[in-house]
Amino acid sequence: MKSGQSQPAPSHSFDEYKKTIDAHVADAQARLDDLQAKAKQTGAQVEASAITNLNAAKQNIDRKVQDLKATTSVNMARAKADIDADVQSFKAAVNDFEAKHTTTSTRK
């Protein structure tokens, strides 16, 4: 008799999804790395703290993507929706931070 749980999603589906998420996050991460380098040069503590929080959000996305590999097909859609929302929030937060940082830098 089978249990009520489904089998984990196929690996090829995970690999394709991971590539998609990685592509979405890569640009924002590159900009964040650049902003982090600039913040370290200027010694801006507030900016460094915000960057640390954004890096933690990115690591959370990475963890969720890895956890997705073991997710059952029943929970796959919900897990992907959660990751997609986190990616959009991360990208928006990096954009907001970059806009504020650029505005602050141009005023000096």
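**Terms and values in the chain**

Modeller: Aspartate 67 has a relative accessible area of 42% and is therefore partly exposed, a class that lies between buried (under 20% relative accessible area) and exposed (over 50%), with a 1.4 Å probe and protein chains only. This is a predicted model, in which local features need pLDDT of at least 70 and side-chain atom pairs count only at pLDDT 80 or more, while totals for chains, interfaces and linings use all residues. Residues are numbered from 1 along each chain as its sequence is written, and side-chain values use heavy atoms, leaving out hydrogens and water.

Biologist: What makes the meeting of arginine 63 and aspartate 67 a salt bridge?

Modeller: The term requires a side-chain nitrogen of Lys or Arg within 4 Å of a carboxyl oxygen of Asp or Glu. For arginine 63 and aspartate 67 the N to O distance is 3.1 Å, so the pair is a salt bridge.

Biologist: How are arginine 63 and aspartate 67 placed in helix H2?

Modeller: They are 4 residues apart in helix H2, which means a separation of about one helical turn. Helices are DSSP runs of H or I with at least four residues, and strands are runs of E with at least two, numbered from the N terminus. The chain has 3 helices and 0 strands.

Biologist: Why is lysine 64 called buried?

Modeller: Its relative accessible area is 19%, and the limit is under 20%, so lysine 64 is buried.

Biologist: What is the salt-bridge partner of lysine 64?

Modeller: Lysine 64 pairs with aspartate 82, and their closest N and O atoms are 2.9 Å apart. Because lysine 64 lies in helix H2 and aspartate 82 in helix H3 (residues 73-107), the pair ties together parts that are 18 residues apart in sequence. Aspartate 82 counts as partly exposed because its relative accessibility is 36%.

Biologist: Is glutamine 29 buried or exposed, and how do you know?

Modeller: Glutamine 29 has 16% relative accessibility and therefore counts as buried. This residue lies in helix H1 (residues 11-42).

Biologist: Which residues is glutamine 29 in contact with, leaving aside neighbours within four places in sequence?

Modeller: Contact means heavy atoms within 4.5 Å, and glutamine 29 is in contact with Asn55, Lys58 and Phe90, apart from those neighbours. Glutamine 29 and lysine 58 are 29 residues apart in sequence, yet 8.0 Å apart in space from C-alpha to C-alpha. Lysine 58, in helix H2 (residues 45-68), also counts as buried because its relative accessibility is 18%.
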